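Please find below a note on the structure under discussion.

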Amino acid sequence: MAAGTLTLSSKLSPFPYSAIAIAAYTEQSVVVYDEAATGVLLDLNGSKTDTEEEIVHALAKVGGLSEDSAKAASFFALAKTLRTATAVPEIVTALDSLDDHLAWRTYMVGHDITSADWILWGALKSSGKIVGLLKNGKHVHLSRWSSHLESLDSTQAALAGLTAAKANKARGTKVAAGFALGLEGGEMGKVVTRFPPEPSGYLHIGHAKAAMLNQYFAKMYQGKLIIRFDDTNPSKEKTEFEETILEDLELLEIRGDVVTHTSDYFDQLYDLAIKMIETGKAYADDTEREQMQLERREGIASVHRDDTAEDNLRHFAEMKTGSAQGLRWCLRAKMSVDNPNKALRDPVIYRCNPKPHHRTGDKWKIYPTYDFACPVVDSIEGVTHALRTNEYRDRNPQYSWMIDALGLRKVNIWDFSRLNFIYTLLSKRKLHEFVNNGQVRGWDDPRFPTVRGIRRRGLTVEALRQFMLLQGPSQAIVSLEWDTIWALNKKVIDPIAPRYWAIIEDKKVPVTIRGGPTAVEIKNLPKHKKNPDVGEKKTVYSSTILVDQEDAKSFEDQEEVTLMDWGNAFVRSKSVDASGNVISIEMDLHLEGDFKKTKKKITWLSQSTSEYPLIPVTLLDYDYLITKKKLEENDNVKDFITPVTEFRESALADANVKDLTKGDYLQFERKGYFIFDNVNDEDGRLEFIKIPDGKAANLASKAGPSPPAAPASAEASTTDRVPATPHAENVTKMYKVDTVYGDNIEHVDHGTNMYKMDSIYKV
């Protein structure tokens, strides 16, 4: 029984992961989240402790964790250093040391988990930078140790409690961490989960949540994950979709222990259907579809509900032949006529379909419905826990009824909320329309919410996994913003993304550097200043460079600016054309200048030469496909199609980008994070897709009012970075509103002692 209470806020930063983890591991303290708390406090048998180190020591002692105090002290000191460390070299040195220490050890001190393990694990967990560095795979022993501690049931329960507290902040300030992200009745080594996609399309982000949760629990309990294709509808399914789904799962780093098919069990399912007929638990029905829907809705029994078993078997046999007579009939479970839960009103469990099956050919003319096949095959295959979205909650009693009616082994059901996002369509039918109409280029289009689309857009598996687990116990079906998942993604890629430079091609401004090198010079510089492990790049220095027009316009006469990775320079002259665009600049190099005193830090590139050419690239950015956050059931998608969804900018990049391979992450400094997509077949330019960074301004829909008709093709949906408009000077990302006082403002001179100011509407 818990001897104390650990009170803290879920908002603490850095968060004391060590304290909640050891509290759960030793079972010596109940964790209570009080959002009014300003720190962490352990009340243990009347004694109060308010620092994480002392709390870990206290709980280790009362929990009976053995330790060598002298050795543990050094690890506690290291943990304290890591919590405040910001320099990557310092962090990497510490991680290298710990990795070496664990090369021949399971735990930090001795042969069992001690306080040293928990204090260090918490320090690593609380640092997003360290978590990102560990993803590089260069500290295999440290990662193995960390993953082991995090996979413990007690740790998972503690982390789930934290997630629950964050989710409940809006409902109250004090929340007991009672929800454990675990499976009821789950036993180590015995849990079996399954992911059962229908092979009729590509996986999207909603499927990703189901797949990841199934894999998560299978790994958590050291159990087994079954990938089962629910191939019970030959009208929709194709073998190639099975292959694409397995490829999609591979993109999510999900690999099942075994791949099966519902069709593997067609013989057993047929025999069980016969058994249900013989025991009076199923009957054949030829009621017309619309009439059957009406009867189920109104609670009216079918005229065939009380037919004899012999009649039902005869009709079922006719269905099996696929004859015209058999096509009229279906098989229904005899559950209830008027149960308040309409899912229990005699659902259909077998249908006749004469089309050949992609695996079994012409052998069968009848196929079980998902409602019948799913619980039966789950039980047969040894599934212990069936994870289902809570949209199936009304069908959970139906699931259990099928198993009970056939006397099969019971399966636990674990509900989770369905994933929906604003401005996002997950309907296969509607996504098909975009593909068929040419409004996207395929199922892997970066604008699509498919697994292929979001991965191509630059979403990492780690960010996706973190986001899914952050949903925790929430059962609410809401349309989520994209900002959280992209912000998580930024934290994952920022520590490992190399930094490069690019200049917009049609807005480049030549700059003459007086005092620059007389001949071209090359220097090796780190690709990532805070992480030398990313490698080095070659930077070209010359007396003629290029800068962006936007920067050039911002320069003031005689202003001192900083040329990044070079030094300071004074702006001595600036030539401007009739339209106000800068056409050339002269600068004096001032390497003695202090970069801390300049307001502007500018990216630049040396003028392209035959010996040191710049690389032509295309920077792509995208908008949402629809202009309405959430489409209602009666909305016509065509009324809400975003007119322009692809934005292309031609740019020049430094030559280092030639070394990139498809799928590499990078940052074009001061322009954002990108993923290298491919080389364009037509113009040979390297194409980079911009990765959203989670900032609200960058995620807002770029679309203005919808025009009468949408573009007819993907090519027509592309444009320059800013679409052409009759009033280019008024282009803005803000919402368009009328002026407060109207367009015609009459100036009235009022007597006042205040300072005289021009009207903000003066033109």
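Predicted model: local features only at pLDDT ≥ 70, side-chain atom pairs only at ≥ 80, totals over all residues.

1. The largest nonpolar core comprises 68 residues. Within this core, Ile205, Phe434, Leu464 and Trp482 have the most contacts. Helix H9, spanning residues 205–220, supplies the largest share of the core, with 10 residues.

2. When neighbours within four places in sequence are left aside, Phe434 contacts Leu425, Gln439, Val440, Phe448, Leu625, Ile626, Val637 and Ile641.

3. Asp693 is situated in the loop that joins strand S32 (686–691) to helix H22 (696–699). Which side chain of opposite charge is nearest to the buried Asp693? That side chain is Lys695, at 4.2 Å. Because a salt bridge requires a side-chain nitrogen within 4 Å of a carboxyl oxygen, Asp693 has none. The backbone nitrogen of Lys695, however, lies 3.0 Å from a polar atom of the Asp693 side chain.

4. Strand S19 (residues 508–514) presents two faces: Val509, Val511 and Ile513 form the covered one, while Lys508, Pro510, Thr512 and Arg514 form the uncovered one.

5. S19 pairs with strand S22 (residues 544–548) in the antiparallel sense, over 5 bridges, and with strand S25 (residues 582–590) in the parallel sense, over 4 bridges. Val511, on the covered face of S19, has Ile545 as its bridge partner in S22 and stands opposite Ile585 in S25.

Notes:
Residues numbered from 1 in each chain as written. Heavy atoms only, no water. Core = buried A, V, L, I, M, F, W, Y, C linked by side-chain atoms within 4.5 Å. Buried < 20%, exposed > 50% of the residue type's maximum accessible area, 1.4 Å probe, protein only. Contact = heavy atoms within 4.5 Å. Lys, Arg positive; Asp, Glu negative; His and termini not counted. Polar contact = N/O pair within 3.5 Å; in protein donor to acceptor, adjacent residues only side chain to side chain. Pairing = 2+ DSSP bridges.
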